[in-house]
Amino acid sequence: NVKQWISTGCDMLDLAIANRPGGGLPCGKIVEIQGLEGAGKSLLAAHVMVETQKLGGVVVYIDTEHAMDETFFKAIGIDFTKFLYLPISKIEDVFASAEEVITNVRKGNKDVPVCIVIDSIMGAKTQQEDDAEYGKDGYATQKAIIMSKAMRKMTDLISWEKVLLVCTNQLRVKMNAMFGDPYTTSGGKALGFHSSVRLRIKSMGKIKGDINGVSQIVGMKTQVQVVKNRLGPPHKVINYEIYFDSGIDNIGGWIGVLKAYKIVKTAGAWIKYTTNSGEELNFQAKDFETDIMSNEIVKQELYDKICEKFIMTYQPRVHGESELVDLGDE
């Protein structure tokens, strides 16, 4: 039972996760954003925080890596007057602080959505690690044990509240993995087990642009796969572009899906869409936001058609001639 949805800042990713119009990430649940370094995990988490603030919600950012870029966060829209920043390095303190925030929310206004971001699980150390020397200590299982206990507590704490817990995590290459998924995540299996949604982000290439007459890398192409989903069908894939000066290009994500499902027709650089009333609209991708998205009627019409194509409708199972047979005591 999801009390509220919080957008990721990418409308198409919201659809892929929630499998419903106007979806996103579910309050009352745990979400993991995983990926290799530089894939855009913290950026996606930042967009979720921006969308939480748009709903009048409270944002708590627990930075275990001490790597927050305040200038960039402001550029994508974060309001620091409604932003609680906690630079915490120990995993025990991370979850103690998160629990304290949730407890205070329970005492206050329960209708206000709260987004707690832990960035990242991989970057957090344990008290045991902090006390130890730099030499090898043997099997490092302490974090996995702590995570297992913390996830059980967090799942129960947030399930009755409008609280979204987002954890970023870095992928690691499995040792001697010859088949299947070559990656695993830090902190054991507990986070993956208790997460209702797990998103895997992958960089698909760089975007070049002109800056003061010089060709520079201005962004990157990104792919997000919903590797686990308790709210809808898993394994859906969404592509979007990230620009280093403004974040996720939500409009470009629309165009990609419209083309993929042939809702629009393309001819060279031009795109054509015929409205329900029969009007033909011709435009280029660079003019999509100003010429098309500014028209609320056409925008809603396009969104409805995307939903019709993209959202999976659950079907009751129809048994054929082959039925399950009760063998009794045989």
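1. A crossover is called right-handed if, with the strands pointing away from the viewer, the path from the first strand over the helix to the second runs clockwise. In this predicted model, that description applies to the β-α-β unit made by strand β4, helix α3 (residues 70-75) and strand β5, which is right-handed.

2. Strand β4, which spans residues 58-63, is mostly covered, with five of its six residues buried. On the side of β5 (residues 83-86), β4 is joined by four bridges in a parallel arrangement, and I62 stands opposite L86 there. With strand β6 (residues 114-119), β4 also pairs in the parallel sense, here over six bridges, and the bridge partner of D63 in β6 is D119.

3. Once its neighbours within four places in sequence are left aside, V94 is in contact with I62, T64, I88 and I118. The C-alpha atoms of V94 and D63 are separated by 9.0 Å, although these two residues lie 31 residues apart along the chain.

4. The axes of α4 and α6 come within 11 Å and cross at roughly 10°; because angles under 35 degrees count as roughly parallel, α4 is roughly parallel to α6. From α4 the contact draws on I91, E92, F95, A98, E99, I102 and R106, which meet a set of α6 residues including I146, A150, M154 and L157. The residues of this contact divide into 11 nonpolar and five charged, with no polar ones.

5. Strand β3 (residues 30-35) deserves a separate look, as six of its six residues are buried, so β3 is largely enclosed by the rest of the structure. In a regular strand the side chains alternate between the two faces of the sheet. For β3, both faces are covered, with I30, E32 and Q34 buried on one side and V31, I33 and G35 buried on the other.

6. The pairing of β3 involves two further strands. With strand β7 (residues 163-173), β3 pairs in the parallel sense over six bridges, and Q34 has N169 as its bridge partner in β7. With strand β9 (residues 197-211), β3 again pairs in the parallel sense, over five bridges, and I33 stands opposite L199.

Terms used
Residues numbered from 1 in each chain as written. Predicted model: local features only at pLDDT ≥ 70, side-chain atom pairs only at ≥ 80, totals over all residues. Heavy atoms only, no water. Buried < 20%, exposed > 50% of the residue type's maximum accessible area, 1.4 Å probe, protein only. Helix = DSSP H or I, 4+ residues; strand = E, 2+ residues; numbered from the N terminus. Pairing = 2+ DSSP bridges. Contact = heavy atoms within 4.5 Å. Axes fitted to C-alpha atoms, helices over the stretch in contact; angles between N-to-C directions. Parallel < 35°, antiparallel > 145°, perpendicular 65-115°, else oblique. Nonpolar A, V, L, I, M, F, W, Y, C, P; charged D, E, K, R; others polar.
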